[in-house]
Amino acid sequence: MDLLRNTPSWLAAFSDKLSIRKAIYPVIIHCISTTLDPSVPEAIAELKADNPDALTSLTRVMWANPRKALTTGSEKKNHSSIIMHLTNPIEVNNLIRHFCVLRGETHPTEKSHCSLISCHRCTNWGHTAAQCSAPIMCAQCAGKHLTVNCNCTEPEATRCTDHYSCSHIVTCCSQCKGDHRASSQECPVRIKAQAKLDEINLRDGPLFLINV
Ligand SMILES: [Zn+2]
Ligand SMILES: [Zn+2]
Ligand SMILES: [Zn+2]
Ligand SMILES: [Zn+2]
């Protein structure tokens, strides 16, 4: 029996303490008609019916870029990409090697690579707040509070209500202590995390890895 790798490698690369209960293998399907509504259960049923025995582990469908796919008016797009979540890596690799059928048409498929995620709690990269046990840090001033709770340092009468546009808070990156927000593209910690992820995505190649 194949020993399936059940944790994506990029997750382990950030911390071996992080794991997920059930592995999900995301795949992008290109050029899907925007008349499809991925948010309803019928979408999964339709995809499964059009691809007999090929999508048995399909659990979720969504637009890859909802903002673009759902634009209305003159800028309305007729086609957009969807992301499907499968739980069987063999099935998803077969799909990536071939194509997906929908309404009598074949659609190119592609492995969905991991994108860089940041934690709303500690502001570090590579995990979500739900997985975080690190101390709370502010992305704007490196203080010991959530970023949404960062407050202007002025007296009450002249205090800014929007901390994002406030110029009184001394910006300090919680990750490198530089004078930028922790999410800044120029932060060396972010640049390093992105480079690490790029390397993993490149090393893993176009298919999901299956240990045998
Ligand atoms: Zn965290
Ligand atoms: Zn703050
Ligand atoms: Zn202010
Ligand atoms: Zn920084």
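The legends below accompany close-up views of a predicted model.

**View 1. Overall arrangement of helices and strands in the predicted model.** The protein comprises five helices and five strands, and these elements follow one another from the N terminus in the order α-β-α-β-α-β-α-β-β-α. Of its 212 residues, 22% count as buried. When contacts between residues at least 6 apart in sequence are considered, 54% of them join residues at least 24 apart.

**View 2. Pairing of strand 5 with strand 1 and with strand 4.** Strand 1 (residues 25–33) and strand 5 (residues 105–111) run antiparallel and are joined by three bridges; within this pairing, I29 has T109 of strand 5 as its bridge partner. Strand 4 (residues 99–102) also pairs with strand 5 in the antiparallel sense, here over four bridges, and F99 stands opposite P108 of strand 5. The hairpin formed by strand 4 and strand 5 has two residues between the strands, and in this hairpin R103 takes a positive phi near 50°.

**View 3. The buried side of helix 4.** Helix 4 (residues 89–97) has P89, V92, L95 and I96 as buried residues. These residues lie on the same side of helix 4, because they cover an arc of only 120° around the axis. The elements that cover the buried residues of helix 4 include strand 1, strand 3 (79–86), strand 4 and strand 5.

**View 4. The largest nonpolar core.** In soluble globular proteins, nonpolar side chains tend to be buried together. In this model the largest nonpolar core holds 19 residues, of which V27, I29, L47, M84, L86 and V92 touch the most other members. At least two residues of this core are supplied by each of strand 1, helix 2 (41–50), strand 2 (58–63), strand 3, helix 4 and strand 4. Strand 1, with four residues, gives the most to this core. Apart from this core lies another one, of 10 residues, and its members include C138, A139, A142 and C187.

**View 5. Surroundings of I29.** Once its neighbours within four places in sequence are left aside, I29 is in contact with S81, I82, M84, C100, H107 and T109.

Key:
Residues are numbered from 1 along each chain as its sequence is written. Chains are lettered from A and ligands numbered from 1 in the order in which they are written. This is a predicted model: local features need pLDDT of at least 70, side-chain atom pairs count only at pLDDT 80 or more; totals for chains, interfaces and linings use all residues. A residue is buried if 20 or more other C-beta atoms lie within 10 Å of its own, exposed if 12 or fewer, and partly exposed in between; C-beta atoms are placed from the backbone. Two residues are in contact if their C-beta atoms, placed from the backbone, lie within 7 Å. Two strands pair if DSSP finds at least two bridges between them. The arc is that of the directions from the helix axis to the C-beta atoms. A nonpolar core is a set of buried Ala, Val, Leu, Ile, Met, Phe, Trp, Tyr and Cys residues joined through C-beta atoms within 7 Å.
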